[in-house]
Amino acid sequence: MKTKYIKLFGLGLATVVGLSSCSDDFLKEKKNYDNATRDIYNYYEGANGRLNDIYSWCLPNVNDLTWKYPSCGNADLAGKSTEEYSGFSDFVNPEIELSSMSSTNAVPDFIMGTQTNIQEAVYGRIRNINDVLEGIEEGSLSREQKDVLEGQVYFFRAWCYYNLFKWYGGVAIVTNTQDPVEGTTNERRPAKEVKDFIISDLDKAAKMLAGKTMNGGWGGSDYGRVTTGTALALKGRVLQLWCSPLFNRANDESRWKEAHKVMKAELDSINKCGYGLYQTSTNTNASDFANMFAQSTKNPEAVFVTLFNNVTGDGLDNQKNNIWERSIRPKNQGGSGKNASEMLVHLFPMRDGKIPAGTGTYTKLETSDNYAYSTDAPFMNRDPRFYRTFAFPGFRWAYNGDASTIDANNPNSGKDFVLWNYVWYTNQNDQGDVESGNSYGADNLLSSRQGVYVRKKSDDLDCNASPLYQYYTGVQKGAYPFFSAAPLMEIRYAEVLLNLAEVACGAGELNEAVDYLKQIRARVGGDYKAENNYGLQANLVSDQAACMSAILYERQIEFAYEGKRFDDMRRWMLYDGGSVLPDGAPATWKLTGWGGNTCTWLGVKPFNGQRRENMEFRVADQYGVGGTTYNSDPLVKAGVTRPEGVNLMKGSLSAQLTTLAEWYNANLKYKMKKGDSYDSQHNPLYINFRPKYYFLGIPQGVSSADKVMKNSQTIGWQDYNNGGAPGTFDPLAE
């Protein structure tokens, strides 16, 4: 095998940054450990301070996808490569091809980061972790204290490597503290070695933390730290990824069986850490599904979680806000809003758990015979999670605040807020033009309107009477409210169950896999009951392909706007079914399992070649057009009375939804809006995720910074350090 190298960057110890959270005592005081001596590790407080530094840099955050943070559900590189948002990301844009040879259209850098700052460099962060591990182990703390500290650090090293593994497969493995001096290089290792290394670190973490966390998890001010269960849940995610078509081209059943055996055996240990589905006795129209994202105290659903606080101010050292609430709320509440694609609205299940007829996306899953889907009233008779994921005109979306302090024209009663985001046009010719953006939204939304709002993970006042945010607008007009302390769950217990369902299905344990699906739907409530098999079709226990398709569909719905869908689509190769190989790929990359095409086997329509559009509701033709100001709403000027907003906490929704649908029919008109781009001639463009993107290449910027890194470019990409020759590194080689 040729030697393949990746040079390391970054030097120095880090400053401990306060890990602000709902637990006020969790790193209550900031301490600076720059240039700290090894003596710091002889004291638990000092060693714990270095550990907390690792937390502050490595925990997921509410940011767009970067090398530092996984996607959390934004319209970023990941979200805009799925059904969740329209608008081509670089990964699916048919008009550009990502390059490893140029800074123009460069392949994203998830492997280096900013090389001049240890905390802003991927391997700099790993160096810092290794430094902490060495320091703790060489210190004079007791073995019990060392285990508790090191177990958490081992988890974060595994977390860092997992986020490299899923993009590149094989990367350099570094287990000691190395300085970035000339000649310091590390061989890029095959994916299997990286996978085994991650699993080894997670097993160490699980074992070291067992005594502290397998009796209900961390308590008091330590809540939010990783546990044995956190380590085992991430281990399950890694094993599931290793079984998936991305790494398992021949569908080696032994991988599925081994993963199933391990993950099923370790579920009990995860449970003993206090984890489980978040459920209450007062679940109303999936209020439990909504409320689990707004739990400031110990939440069984939160297996891997980042905590925040609602301290207000402008960049204060102790301020660590979750900005999700602010980003999804409409402009007339003080937010900005996220626009959901029409494609995902179409795909959500009907009330009976079946797919709406006519989508053509999951052909091995049953469509609903009981409920018809109509774009004129897409909210009728849907899975209860639908109403907690999207917001349409006429639905209550209460909050604790008063947006009229920002703009006097905004609705002034947050506790009674009903979203009315229908639009009108200023020109009749624009009303039927899918490309026209010349529309204005009701209730002072005006040009800052979305057609369908993303509501997922919202801290809804009707659900949670004690919201986790401070609605503070300050003295300056336009200041942002919603300083939120809502936690961010990177791994939920629902994912633990669905990961296990997937490996059970792959191992041929179909009854068990379906049982996990039933647990997920039982928590949803609504019409999902044992007597109707929780809306699941009968053949899932006998048809492996249909069962796996149902699991992926359930994941798509359950985790919508949580940043999970892109990873699922990549590892199952749902863009083209894996039938097309990148240039230079060896025969071992050929997909021989799943009939040679995962999309065909699953009955899933390939994402390549499709488009995502948007949708909105405009005023009906008889009301004409309006102006550009909030008081030029044609419906208001015509004296049209709005119905009472749909209240999701009122129990049965049928009558409320019917009333709203009738009002839509009389006063509004559905309009498809352009989502994905058109070309310069106004011809629609279609999604094109290229085969080489399943394993990313090393960017030119990384290669140029390290001239010794030769023969380490991924197959399918050009090697900048080798004159643009085809890459030769095979992540799947063993």
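## Helix α14

Helix α14 covers residues 544-558, and its end C-alpha atoms lie 21 Å apart, which agrees with the 21 Å that its 15 residues should span at 1.5 Å a residue. The expected span is 1.5 Å times one less than the number of residues. Helices (H or I, at least four residues) and strands (E, at least two) are DSSP runs, numbered from the N terminus.

Of the 15 residues of α14, 14 are buried, so the helix is largely enclosed by the rest of the structure. Buried here means under 20% relative accessible area (1.4 Å probe, protein chains only). At the start of α14, the backbone nitrogen of A545 has a side-chain oxygen of D543 within 3.1 Å.

## About the model

This model is predicted: local features need pLDDT of at least 70 and side-chain atom pairs count only at pLDDT 80 or more, while totals for chains, interfaces and linings use all residues. Residues are numbered from 1 along each chain as its sequence is written, and side-chain values use heavy atoms, leaving out hydrogens and water.

## Strand β3

In strand β3 (residues 302-306), 5 of 5 residues are buried. Its partner is β12 (residues 488-492), running antiparallel and joined to β3 by 4 bridges; pairing requires at least two DSSP bridges. T306 stands opposite L488 in β12.

## Nonpolar cores

The largest nonpolar core has 198 residues, and those touching the most other members include F91, Y123 and F392. Helix α3 (residues 143-168) gives the most to this core, with 15 residues. Another core, of 10 residues, lies apart from it, with Y223 and A302 among them. A core is a set of buried Ala, Val, Leu, Ile, Met, Phe, Trp, Tyr and Cys residues joined through side-chain atoms within 4.5 Å.

Technical notes:
Buried means under 20% relative accessible area, exposed over 50%, partly exposed in between (1.4 Å probe, protein chains only). A polar contact is a pair of N or O atoms within 3.5 Å; within protein, one must be able to donate a hydrogen and the other to accept it, and residues adjacent in sequence count only if both atoms are side-chain atoms.
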